[in-house]
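Hi,

Here is the structure I said I would pass on.

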Amino acid sequence: MERYFDVLRLAHDAVGRVLRDLAEARGDGLCAVDATVGNGHDTLFLAQAVGPRGRVYGFDVQERAIKATQNCCGEAGVGDRVTLLHAGHERMAELLPDDVTAAAVMFNLGYLPGADKSVVTQPATTTVALDAALSLLAPGGVISIMAYTAHPGGSEETEAVRHWCAGLNHPLFKAMEYGMANCPEAKRLFLVGRFHG
Ligand SMILES: C[S@@+](CC[C@H](N)C(=O)[O-])C[C@H]1O[C@@H](n2cnc3c(N)ncnc32)[C@H](O)[C@@H]1O
């Protein structure tokens, strides 16, 4: 029962499903991006989902996040399919190779648990990164955005993401928001799909 009310799990379920469907349709290695690698949980999930012929690009502004993710993926034996960039995700368009088309881009906003809470994602740079993610999203691909409201600036960032989603061209893109209806301060998941236009 708990699993249906856990938006982090919902994000993995949805992104994993999309990656499986695209891998079946395309039959070659997929590319995915983790826009905020943190402790590496989402990067590891993506690296396992894209398989041995796939590639995952990961961004984080903190050296300790890059190292933690390197270790996490290395220990799981998938480090060779992960490229980590110690840079802000707002530089995604500049730093990723021109030919990258992403089947999935994951954002887990906010701060790194257990680290400096002042190093936190910001609406202005998050929306630049979201624009870049949208430009490199493959037809049939998905962007997941986990947004938090409890920390200072979190509500504003969540609102910026909601506003960004609301402005997307429909029906080329479809954006959904998931969250606890009776706990508005709980984290929100936004899923954006690119449809075949
Ligand atoms: C909630 S944590 C990510 C958790 C991670 N996905 C995981 O699975 O462990 C948010 C991360 O965003 C990073 N961050 C903050 N500003 C950033 C930016 N402009 N670009 C990329 N990462 C950023 C923080 O350093 C932090 O590690």
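Let's start with Asp42, which sits in helix α2 (residues 41-50). Bear in mind that this is a predicted model.

Over the whole structure, one cavity of 30 Å³ or more was found, and the volume of the largest cavity is about 40 Å³. Its lining is made up of Leu8, Ala11, His12, Asp42, Met106, Phe107, Asn108, Ser144 and Met146. By class that gives five nonpolar, three polar and one charged residues. At least two lining residues come from each of α1 (7-26), β4 (102-108) and β5 (137-147).

Now for the helix itself. α2 is largely enclosed by the rest of the structure, because seven of its 10 residues are buried. Besides Asp42, the buried residues of α2 are Thr43, Leu44, Phe45, Leu46, Ala47 and Val50. What do the buried residues of α2 pack against? Their partners are α1 and α3 (63-75) on the helix side, plus the strands β1 (31-34), β2 (55-60), β3 (82-86) and β4. After α2 comes Gly51, with a positive phi near 80 degrees.

Cheers

Methods
Residues numbered from 1 in each chain as written. Predicted model: local features only at pLDDT ≥ 70, side-chain atom pairs only at ≥ 80, totals over all residues. Heavy atoms only, no water. 1 Å grid on protein atoms, 1.4 Å probe; cavity = no way out; pocket = protein on both sides within 12 Å on 5 of 7 lines; lining within 4 Å. Points joined across faces, edges and corners; volume = space filled by probe spheres on them. Helix = DSSP H or I, 4+ residues; strand = E, 2+ residues; numbered from the N terminus. Nonpolar A, V, L, I, M, F, W, Y, C, P; charged D, E, K, R; others polar. Buried < 20%, exposed > 50% of the residue type's maximum accessible area, 1.4 Å probe, protein only. Contact = heavy atoms within 4.5 Å.
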